[in-house]
Amino acid sequence: ILTCYHLLSVPSPSGPVRANRIIVELADGRQCEASLIATQRTHDLALLELTDCKWRGSPAPLRDFDLKPSDRIRVAGLFDPSGFWVAEGRVTGLNVLDGFAMADAKVRSGFSGGPVFADDATVQGMLSQRDDARNAVFVRSDVLLTFLQAAQVEVSASDGGVRAAEVRRVSSGKMKKSAARQNSDISNLAKQRTAKLDNWRSRR
């Protein structure tokens, strides 16, 4: 499970401290322990592995970054207590920080780690932060792929260039059918392929 590094901290009187217990709540309601297997602070990345249960279903399709200015994107996030929300916007910057792109989609607290979808429902990035105007700042998918490969996660590619972060292929034919999804469809897709994190720090 790919997520943001900054999500792995919990508040304390002396400031944020690293969580020593991570619980992942899956779309089917199961709560699973997870362990941290790789991090990359520069781009706010963390890779988790479920330790006591298995993910059911296919991974989100991750495509090499090919967005252009003004391309439409949708960001899916978990906004408690209302559940999944989808923020829509247009790309405004391709490299506003090293490896980060920006869009004018207005995001809220709780969107961090959420997928950034292109019109064909492939993932083009992961939300990391927002600016003062609540515009989405996300890690580009080419950075995500490099991180996964460095962590020795096998990444396979279909003929359509779509990649999945496990040993399986994503049919390019299926991707064509999913083009130009509506926000409700993107929300349903995100629900099946996104998990909620609960972090804990045991008192000593």
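Me: Two strands pair if DSSP finds at least two bridges between them. How many bridges join β4 to β5?
Reply: Four bridges join β4, residues 21–25, to β5, and the two strands run antiparallel. Strands here are DSSP runs of E with at least two residues, helices are runs of H or I with at least four, and both are numbered from the N terminus.

Me: Before going on, what sort of model is this?
Reply: It is a predicted model, in which local features need pLDDT of at least 70 and side-chain atom pairs count only at pLDDT 80 or more, while totals for chains, interfaces and linings use all residues. Residues are numbered from 1 along each chain as its sequence is written, and side-chain values use heavy atoms, with hydrogens and water left out.

Me: OK, back to the strands. What is the bridge partner of V24 in β5?
Reply: V24 is partnered by C32.

Me: C32 is a cysteine. Which residue does a disulfide join it to?
Reply: C53, with 1.9 Å from S to S. A disulfide is a pair of cysteine sulfur atoms within 2.5 Å, and by this rule the count comes to one.

Me: Why is the disulfide right-handed?
Reply: Because the torsion about the S-S bond of C32 and C53 is about 135 degrees.

Me: And C4, buried or exposed?
Reply: C4 counts as buried because its relative accessibility is 0%. C32 is buried too, at 1%. The cut-offs are under 20% relative accessible area for buried, over 50% for exposed, and partly exposed in between, with a 1.4 Å probe and protein chains only.

Me: Next topic. How many residues has the largest nonpolar core?
Reply: 19, and those with the most contacts inside it are L45, L47, L62, V139 and L144. A nonpolar core is a set of buried Ala, Val, Leu, Ile, Met, Phe, Trp, Tyr and Cys residues joined through side-chain atoms within 4.5 Å.

Me: Which element gives the largest share of this core?
Reply: α1, with five residues. The buried residues of α1 (residues 141–150) are S141, V143, L144, L145, F147 and L148.

Me: What does V139 touch?
Reply: Leaving out residues up to four places away in sequence, V139 touches H43, L45, G99, F100, Q124, G125, M126, S128 and L144. Contact means heavy atoms within 4.5 Å.

Me: What happens to phi just after α1?
Reply: Q152 takes a positive phi of about 65 degrees there. Q152 lies in the loop between α1 and β14 (156–157) and is exposed, with a relative accessible area of 75%.

Me: And S70, what is its phi?
Reply: About 80 degrees, which is positive although S70 is not a glycine. S70 is in the loop between β7 and β8 (72–79), and it is partly exposed at 47% relative accessible area.

Me: Last one. Which residue lies over the face of W85?
Reply: R108, at 4.4 Å from the ring centre. The rule for a charge over a ring is NZ of Lys or CZ of Arg within 6 Å of the ring centre and within 35 degrees of the ring normal.
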